[in-house]
Amino acid sequence: AAGIANVGIEGIDTTTLNDWLWTQHRIITVAINHAEFTGLRISPSVFTTLEELDRFCDAIEQAVKQGIA
């Protein structure tokens, strides 16, 4: 089993956030820039550990609070 989510942060470009997650945290996401919606495709699976999910959540929280500069 797996899940798929679309996540975005208002005020932060999707592609820039995607690149930041990879370069700073080694977290793989896919930037979606569609005419109707934008965001990062997040697709954890049964092989994704709780630690990996926590790392993603911590990174997103950091981006929201401090930005990604």
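1. Does T29 count as buried or exposed? In this predicted model, T29 counts as buried, because its relative accessibility is 10% and the cut-off for burial is under 20% relative accessible area. The residue sits in the loop between α1 and β2, and, leaving aside residues up to four places away in sequence, T29 touches N18, L21, L40, R41, I42 and F56. With one of these, N18, there is also a polar contact, made between the two side chains at 2.5 Å.

2. The buried residues of α1 are T14, L17, N18, W20, L21 and H25. Seen down the helix axis, these buried residues fall within an arc of 165°, so they line one face of α1. As background to that reading, an α-helix has 3.6 residues a turn, so residues three or four places apart point the same way.

3. As for what lies over the buried residues of α1, the cover includes β2 (30–33), β3 (38–42) and α2 (50–66).

4. I32, in strand β2, is partly exposed, because its relative accessible area is 23%, whereas burial would require a value under 20%. Not counting residues up to four places away in sequence, I32 touches N6, T14, F37, T38, G39 and R41; T14, as noted, is among the buried residues of α1. The C-alpha atoms of I32 and G8 are separated by 9.7 Å, although the two residues are 24 residues apart along the chain.

5. The largest pocket holds about 310 Å³ of space. It is lined by 15 residues, of which I27, I28, I42, P44 and T48 are the closest to its centre. The elements that give two or more residues to this lining are β3 and α2, and the largest share, four residues, comes from α2. I42, one of the residues closest to the pocket centre, is also among the residues that T29 touches, and both β3 and α2 are included in what covers the buried residues of α1.

Definitions and conventions
Residues numbered from 1 in each chain as written. Predicted model: local features only at pLDDT ≥ 70, side-chain atom pairs only at ≥ 80, totals over all residues. Heavy atoms only, no water. Buried < 20%, exposed > 50% of the residue type's maximum accessible area, 1.4 Å probe, protein only. Arc of directions from axis to C-beta. Contact = heavy atoms within 4.5 Å. 1 Å grid on protein atoms, 1.4 Å probe; cavity = no way out; pocket = protein on both sides within 12 Å on 5 of 7 lines; lining within 4 Å. Points joined across faces, edges and corners; volume = space filled by probe spheres on them. Polar contact = N/O pair within 3.5 Å; in protein donor to acceptor, adjacent residues only side chain to side chain.
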